[in-house]
Amino acid sequence: MSSWIGAVILPLSGLLLSLPAGADVKARSCSEVRQAYGAKGFSLADIPYQEIAGEHLRICPQEYTCCTTEMEDKLSQQSKLEFENLVEETSHFVRTTFVSRHKKFDEFFRELLENAEKSLNDMFVRTYGMLYMQNSEVFQDLFTELKRYYTGGNVNLEEMLNDFWARLLERMFQLINPQYHFSEDYLECVSKYTDQLKPFGDVPRKLKIQVTRAFIAARTFVQGLTVGREVANRVSKVSPTPGCIRALMKMLYCPYCRGLPSVRPCNNYCLNVMKGCLANQADLDTEWNLFIDAMLLVAERLEGPFNIESVMDPIDVKISEAIMNMQENSMQVSAKVFQGCGQPKPAPALRSARSAPENFNTRFRPYNPEERPTTAAGTSLDRLRIVWRTMQHSVTDIKEKLKLSKKVWSALPYTICKDESVTAGTSNEEECWNGHSKARYLPEIMNDGLTNQINNPEVDVDITRPDTFIRQQIMALRVMTNKLKNAYNGNDVNFQDTSDESSGSGSGSGCMDDVCPTEFEFVTTEAPAVDPDRREVDSSAAQLGYSLLSASLVCIVLVLQRLCR
């Protein structure tokens, strides 16, 4: 009898020892899970009061659980939504950087162009009246083409500036030879002598260098901000794979099913899940960093050498000397044109009554900086200086923000997992959820990128199938980086595609409102070469082109007015 009693008591005592007092009831209660589940906005009708057998679970451990099938499905969808929001919130900084800075820079530069044109037009109409009105389309067309180029239009800057000087030569040639009548064909012949005769001296060549480099840099920079904005917006909208969703559910909400809603994932566990889910985004990092470096290089061009105040003083003298050269050599220029284009027909008697020598009774003298107008024209220049200084501060601000955006995509897992609302943190490695229970997470952390996820213990990643959407963004960045590098060196790249907007041989890219297409034929156009012995040209080559144009146009119209007196 005693042996039989002993045989019964021993197993019972072992069972009692294996179940500590009070642990049985507490472990099977789902009250904490019900409270946390309800706080998420879900109906409590889905959740049991006590743990149930977990054979029905498809993602979480199939042990005793507080989750029904419906709960697991809802929490799985919730984990997907939370992950998408986490990525979008974490990338908020880089997205707002490009959106706000693009808007600010674009507004400033457009305002510079508008102010320059309005200032010149207002002053010329008020001061020179009909003389300017009769020739205003030459200058209006110049500003129109500069604006069209900046906004992505199909404009070849070099050809456009050559055309401007040729048209100006035609107008001035008629003024210095009023005793003759010139047909359209004859004037076209005159314009062909612009480069050969150099009636304006070296100014067109220098101005071509300055305008080309300045506008290439400005347009390419604002297009770079556009591309960065679009890539950041698109990449931040993630579409997790089924394998990623399973891993997210297991990390974020399987603790609920185990009756541990307050236990957060281990930090290293979170990193492996995020590196698996964001493997393709991490592959964007290399090209993104090269793109940011190229943006910073062009920003350096915009930040210092384009200071309008450093341009105004020497340009006035150079332009006035160029116009004097045209005046002093007008007879030689006319003689060579007559030799090449033939003797023109005499003008009607009324027009020829004013002989050519009378047009030069007053010599044009160089500007003295101290004699600059202080009336409306002077105030317009002051407004331009204020806008340009503000724009310079904007470029400096953009540079600092761009530096902070480097490595942003490979850093996403680390940024997300250090959020205390997501993980237990690095200081609590023992009391965290490791995917199975509340304990330390032992697997090693994977490296960044798609190919490194082949042995990811948490996410099933097919490393043989890169995300085509991410690859398109990589190509868009690569195209833009190439263009930025060319812009830094003063060169433009033609983006030729089949659209009506950007077809042809101009310099436009047609990619202002969207990311540039990925299939392009690259044609590099170098800015005009600078003579090695012209150090002053090198130093001013990157200065703001439109401000030089404003100064030159003022001087040119002044001389036109004097020539016609």
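Is Cys-257 buried or exposed? Cys-257 comes out at 1% relative accessibility, so it counts as buried, since the cut-off for that word is under 20%. Bear in mind as you look around that this is a predicted model.

Cys-257 also has a partner: a disulfide joins it to Cys-67, with 2.0 Å from S to S. Cys-67 sits in the loop between helix H3 (31-39) and helix H4 (69-90), while Cys-257 belongs to helix H12 (residues 254-257), so this one link ties together parts that lie 190 residues apart in sequence. Cys-67 is buried too, as its relative accessibility is 0%. If you look along the S-S bond, you'll find -90 degrees about it, which is a left-handed link.

Start with Cys-189 and Cys-341, which form a disulfide with their sulfur atoms 2.0 Å apart. Here distant parts of the chain get linked: Cys-189 is in helix H8 (residues 184-191) and Cys-341 is in helix H17 (residues 330-341), 152 residues apart. The bond is left-handed, with -90 degrees about S-S. Cys-341 has 19% relative accessibility, and because buried means under 20%, it still makes it into that class.

Now move to the disulfide that joins Cys-244 to Cys-277, again with 2.0 Å from S to S. The torsion about this S-S bond is about 110 degrees, so the link is right-handed. Cys-244 lies in helix H11 (residues 242-252) and Cys-277 in helix H13 (residues 267-277), so the pair ties together parts 33 residues apart in sequence. Both ends are tucked away from the surface by the numbers: Cys-244 is buried at a relative accessible area of 1%, and Cys-277 counts as buried at 14%.

Cys-277 leads us on to a pocket. The second largest pocket has a volume of about 470 Å³, and 28 residues line it, the closest to its centre being Ser-239, Thr-241, Cys-277, Asn-280 and Asp-467. Which helices supply at least two residues each to the lining of this second largest pocket? They include helix H10 (203-235), H11, H13, helix H14 (279-283) and helix H21 (468-488). Sorted by class, the lining has 15 nonpolar, seven polar and six charged residues.

Next, the rings. The structure holds 18 aromatic pairs, and ring pairs link Phe-105, Phe-109, Tyr-150, Phe-215 and Phe-221 into a cluster. Arg-219 lies over the face of Tyr-149, at 3.8 Å from the ring centre, and Arg-34 lies over the face of Tyr-49, at 3.9 Å from the ring centre.

For a last stop, go to Leu-404 in helix H19 (residues 376-404). Leu-404 has 59% relative accessibility and counts as exposed, because that word means over 50%.

Terms used:
Residues are numbered from 1 along each chain as its sequence is written. This is a predicted model: local features need pLDDT of at least 70, side-chain atom pairs count only at pLDDT 80 or more; totals for chains, interfaces and linings use all residues. Side-chain values use heavy atoms; hydrogens and water are left out. A disulfide is a pair of cysteine sulfur atoms within 2.5 Å. Helices (H or I, at least four residues) and strands (E, at least two) are DSSP runs, numbered from the N terminus. Buried means under 20% relative accessible area, exposed over 50%, partly exposed in between (1.4 Å probe, protein chains only). On a 1 Å grid over the protein atoms alone, a cavity is a set of points where a 1.4 Å probe fits but cannot get out, and a pocket is an open set with protein on both sides within 12 Å along at least five of seven lines; lining residues have an atom within 4 Å of a point. Grid points are joined across faces, edges and corners, and a volume is the space filled by probe spheres set on the points. Ala, Val, Leu, Ile, Met, Phe, Trp, Tyr, Cys and Pro count as nonpolar, Asp, Glu, Lys and Arg as charged, and the others, Gly among them, as polar. Rings of Phe, Tyr and Trp (its six-membered ring) pair if their centres lie within 6.5 Å; planes under 30 degrees apart count as stacked, over 60 as edge-to-face and the rest as tilted. A charge sits over a ring if NZ of Lys or CZ of Arg is within 6 Å of the ring centre and within 35 degrees of the ring normal.
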